[in-house]
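Here is a friendly walk through one protein chain. Have the sequence and the 3D view ready as you read.

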Amino acid sequence: MAHRQLLTDDERRALLGIPLDPDGLARRFTLSRADQNLVAERRRDANRIGFAVQLALLRYPGIALAQLEQPVEPLVQWLATQLEIPAAPFVGYAHRPQTMTDHARLLATTLSLRPPVNADLPMMIEAAAQAAWSTDRGQPIAAAVVAALRAARVTLPATGVIERTAIAGRARARARATDTLLTGISDEQMTGLDRLLVLDPSVSMTSFGWLKSIPTAPKADHVHELLDRLKVIRGIGLKSEIASRIHEERLRQFVREGHASDAHQLGRYAVNRRRAILVVTILDLEERLTDAMLDMTDKLVGGFFAKARNATRRRYVASAGNVGRLMRLFHGTIDALAAAQEAKSDAFEAVDEAVGWPKLLRIRDEVKELANLADEDPLLRAADRWRTMHKFAPALIEALEFRTARAGDPMLAALKLLVELNQSGKREIPPDAPMPFRKEWRRLILEPGQPSRRLYEMAVLATLRDKL
């Protein structure tokens with residue numbers, strides 16, 4: 001069976017290799033006076049340089065010379081320079097296995113180190129599991145194994161052993177995260193999760209695939225489709241606090257797997273792992289669906305007001321000819337009044353003679369209409385889209401729980417009123433209805449005498465959009 005590799009070659013060198021640059025060599029392998037005295041006790045230069053190399057390697061990275069899997073020449077040259085002895089004799093030392101072994105044992109005793117044994121494996125796996133609680137990346141997991149061995153004053157085993165224990169620890173962390181996510185979930189909820197992977201004829205796909213296919217175009221019908229998906233998710237009854245039980249990075253890993261996998265792929269996973277992925281994906285989808293609904297509502301309501309402003313602008317542009325004609329009549333009227341004042345003659349006769357009083361009376365309605373057009377609030381035209389808005393707004397408000405920073409916020413009271421009206425089937429807005437919007441809208445809503453339902457609902461939804 002092929003050996004599973006956890007680390008890349010670069011990661012392996014960074015974790016277990018020796019540095020080759022001068023700064024790295026100086027940082028890791030500068031000998032103290034006591035070290036140099038210990039080395040000086042060896043006879044012959046070959047033993048001295050070999051002994052010094054073993055001393056350096058046992059300190060960092062924590063291995064004997066026989067385990068080194070990379071060229072040692074830069075380290076040999078660095079140590080020889082410090083000891084003021086030639087580096088060449090090291091070649092002969094490297095061909096004397098017994099001397100190398102004897103020196104390694106002596107140095108291990110001197111440094112209070114011991115070789116690894118099988119009894120160390122549980123400790124190594126647990127160190128890896130704790131590191132893997134927050135990540136799936138091999139490098140930090142293997143680094144945790146190495147750190148645990150160094151803390152226990154144990155020399156490092158072969159790289160393959162470190163990687164295999166790291167892989168075992170990662171598997172343990174995944175299993176712990178899975179068990180943690182599934183703790184407290186009822187059999188009924190488990191059945192609901194399993195049912196998501198079954199083909200649903202009503203949508204021609206699995207429920208899991210349907211839940212992930214989130215519509216994005218801002219349409220009233222699409223808001224309802226999002227609400228339908230949210231209803232299915234909430235029907236399973238998972239609590240949002242489940243996601244906080246495991247590390248955020250581990251949670252993201254589960255979510256990525258859930259969104260990247262289809263029902264067939266998930267079906268090939270172990271039962272608990274599959275269910276854990278479903279749990280976090282469903283919780284993530286609940287957030288995504290909520291965000292998608294609010295984003296779609298934002299675009300729809302914003303579109304209502306944009307179209308209202310554009311319609312008013314087009315009407316005003318279309319009336320440009322009438323505006324010019326009326327302004328000329330108005331200019332003539334002002335000139336006539338000014339002339340009458342200077343001549344101290346009758347103003348009405350002057351206007352009638354210069355402009356024509358009957359003509360002024362005939363354009364009175366036109367002037368009023370243009371004045372109203374110039375001052376028209378976009379809310380009035382946006383409310384023309386009330387039927388479209390009413391297709392989704394009541395259900396949206398009922399489906400979401402809104403909160404505010406201060407108690408007794410009139411925005412919450414207005415939303416509660418709309419929910420009550422929708423549930424009771426009543427149409428009339430009470431005169432004392434909360435109005436958490438600007439005074440101009442309050443005046444427009446109350447202008448007919450009885451508060452306008454269309455204007456009120458559109459104003460509430462627009463204000464909610466702005467606050468969100």
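The report below looks at surface patches, aromatic rings and the backbone.

## About the model

This is a predicted model, in which local features need pLDDT of at least 70 and side-chain atom pairs count only at pLDDT 80 or more, while totals for chains, interfaces and linings use all residues. Residues are numbered from 1 along each chain as its sequence is written, and side-chain values use heavy atoms, with hydrogens and water left out.

## Patches on the surface

Asp346, Glu349, Asp352 and Glu353 form a negative surface patch. Patch members have over 30% relative accessible area and no salt bridge; like charges are joined within 9 Å, and nonpolar side chains (Val, Leu, Ile, Met, Phe, Trp, Tyr) within 5 Å. A salt bridge here is a side-chain nitrogen of Lys or Arg within 4 Å of a carboxyl oxygen of Asp or Glu. Accessible areas come from the Shrake-Rupley method with a 1.4 Å probe, and for residues only the protein chains shown count as cover.

Glu349 sits in helix H18 (residues 347–354); helices (H or I, at least four residues) and strands (E, at least two) are DSSP runs, numbered from the N terminus. Why does Glu349 count as exposed? Its relative accessible area is 56%, and the labels are buried under 20%, exposed over 50% and partly exposed in between (1.4 Å probe, protein chains only).

A nonpolar surface patch is made by Val198, Leu199 and Met205, which together have about 270 Å² of accessible area. Met205 belongs to strand S2 (residues 205–206) and is partly exposed, at 32% relative accessibility.

## Aromatic rings

How many aromatic pairs are there? The count is five, where rings of Phe, Tyr and Trp (its six-membered ring) pair if their centres lie within 6.5 Å; planes under 30 degrees apart are stacked, over 60 edge-to-face, and the rest tilted. Phe437 and Trp441 make a tilted pair, with 6.3 Å from centre to centre and 55° between the planes.

Phe437 is buried, at 6% relative accessible area, and Trp441 is buried too, at 5%. Trp441 lies in helix H25 (residues 439–446).

## Backbone details

Tyr60 and Pro61 are joined by a cis peptide bond, with omega about 10°. Pro61 is in the loop between helix H4 (45–59) and helix H5 (73–83).

Ser204, a residue other than glycine, has a positive phi near 60°. Ser204 is found in the loop between strand S1 (199–200) and S2, and is exposed at 63% relative accessibility.

Conventions:
Lys, Arg positive; Asp, Glu negative; His and termini not counted. Charge placed at Lys NZ, Arg CZ, Asp CG, Glu CD.
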